[in-house]
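This briefing covers one protein chain, topic by topic. Please keep the sequence and the coordinates at hand while reading.

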Amino acid sequence: MHRLVAAVCGLVLVVAGVAGCGTEARAACGVIVDSTSYAEPATSRSDVTSKLPPFAQNCDWIAFAAVTGSSESSTCRQDPVAIAATRAENPNENPVVEDRVRAHRIKEVLPRAVQLFDCPTEGQGSDVLGALRYMVKQLSAQRQPDKAHEIIVFSDLINNRGDLDINKLDLSEGARKQKIKELRDARLLPDMTGYAVVVHGFLRKKTSDPDRFPLLEGFWQEAFESAGATTVDLL
């Protein structure tokens with residue numbers, strides 16, 4: 001039986017390229033950084049500096065996406081960071097080696113995320129949905145359905161490009177449900193089944209009618225839940 005377990009572990013490692021069976025499996029993660037008007041306040045950058053490092057501690061692998069005026073086709077990219085030690089790096093599943101590898105790799109995460117704040121302008125407006133779709137494509141390509149999937153988003157979620165203009169959106173209950181259905185049917189909402197999502201800076205600038213704030217919060221909560229997300233925190 002021991003040999004069978006070892007063989008299965010080896011096969012999983014070859015396919016997934018993740019840490020050894022003796023180490024704790026953590027999440028496949030994504031970081032989305034809004035490089036549009038959200039990036040201007042110093043608070044937005046300090047949020048990334050303070051919130052991202054503790055988030056990354058729970059990740060074995062992290063992908064990146066930028067919100068620009070054309071997020072899905074953006075040329076502003078950062079390569080993913082594989083944080084967990086591979087079998088080749090830690091053949092004996094030594095937790096000390098695992099911690100050493102993680103400590104080294106995790107230092108790459110914050111600098112890559114911060115660079116996304118300074119993406120070049122790509123058209124007018126903010127394409128949040130495009131960034132979400134690009135992120136989910138990266139995470140789906142990992143093909144690790146048994147892993148937790150977590151996304152941290154640094155954005156005000158003011159999508160005003162394409163088929164979703166938050167500033168002009170009818171936020172009555174029936175209208176927002178219809179809009180979410182339209183987005184889902186057109187595959188503009190990615191499949192986020194089982195994902196945990198946390199957003200920092202939601203509606204940070206608050207330039208619209210304050211009465212719309214709770215309705216916009218309801219819209220995004222419903223949109224993420226419709227996409228399959230299990231937990232959504234808009235902070």
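This is a predicted model: local features need pLDDT of at least 70, side-chain atom pairs count only at pLDDT 80 or more; totals for chains, interfaces and linings use all residues.

How many disulfides does the count come to? The count comes to 2 disulfides.

**Overall make-up**

- The chain contains 7 helices and 8 strands.
- Of its 235 residues, 49% are buried.

**Disulfide Cys29–Cys59**

- Cys29 is joined to Cys59 by a disulfide with the sulfur atoms 2.0 Å apart.
- This pair links distant parts of the chain, with Cys29 in strand S1 (residues 27–34) and Cys59 in strand S2 (residues 59–67); the two cysteines are 30 residues apart.
- The torsion about the S-S bond of Cys29 and Cys59 is about -95°, and the disulfide is therefore left-handed.
- Cys29 and Cys59 are both buried.

**Disulfide Cys76–Cys119**

- Cys76 and Cys119 form a disulfide, with an S to S distance of 1.9 Å.
- Here too the pair links distant parts of the chain, 43 residues apart. Cys76 is in the loop between S2 and strand S3 (81–82), while Cys119 is in the loop between helix H4 (109–115) and helix H5 (128–140).
- About the S-S bond of Cys76 and Cys119 the torsion is about -75°, so this disulfide is left-handed.
- Both Cys76 and Cys119 are buried.

**Salt bridges: count and background**

- The count comes to 13 salt bridges.
- Side chains of opposite charge can pair when their charged atoms come close.
- Three of these pairs are described below, namely Lys51 with Asp47, Glu72 with Arg133, and Lys181 with Asp185.

- Lys51 and Asp47 form a salt bridge in which the closest N and O atoms are 3.3 Å apart.
- Lys51 and Asp47 are separated by about one helical turn, because they are 4 residues apart in helix H2 (residues 42–56).
- Lys51 has 33% relative accessibility and therefore counts as partly exposed, whereas Asp47, at 9%, counts as buried.
- A network of salt bridges links Asp47, Lys51 and Arg204.

**Salt bridge Glu72–Arg133**

- The side chains of Glu72 and Arg133 meet in a salt bridge, 3.0 Å from N to O.
- The pair links distant parts of the chain: Glu72 is in the loop between S2 and S3, and Arg133 is in helix H5, 61 residues apart.
- Glu72 is partly exposed, with a relative accessible area of 28%.
- Arg133 counts as buried because its relative accessibility is 15%, under the 20% cut-off.

**Salt bridge Lys181–Asp185**

- Lys181 forms a salt bridge with Asp185, and their closest N and O atoms are 2.7 Å apart.
- Lys181 and Asp185 are 4 residues apart in helix H6, so about one helical turn separates them.
- Lys181 is partly exposed, its relative accessible area being 39%.
- Asp185 counts as exposed because its relative accessibility is 52%, over the 50% cut-off.

**Loop residues with positive phi**

- Leu157 is a residue other than glycine with a positive phi, near 65°.
- Leu157 lies in the loop between strand S4 (149–154) and strand S5 (160–161).
- Is Leu157 buried or exposed? At 1% relative accessibility, Leu157 counts as buried.
- Arg187, likewise a residue other than glycine, has a positive phi near 60°.
- The loop that holds Arg187 runs between helix H6 (173–185) and strand S7 (195–200).
- Arg187 has 70% relative accessibility and so counts as exposed.

Terms used. Residues are numbered from 1 along each chain as its sequence is written. Side-chain values use heavy atoms; hydrogens and water are left out. Buried means under 20% relative accessible area, exposed over 50%, partly exposed in between (1.4 Å probe, protein chains only). A disulfide is a pair of cysteine sulfur atoms within 2.5 Å. A salt bridge is a side-chain nitrogen of Lys or Arg within 4 Å of a carboxyl oxygen of Asp or Glu.
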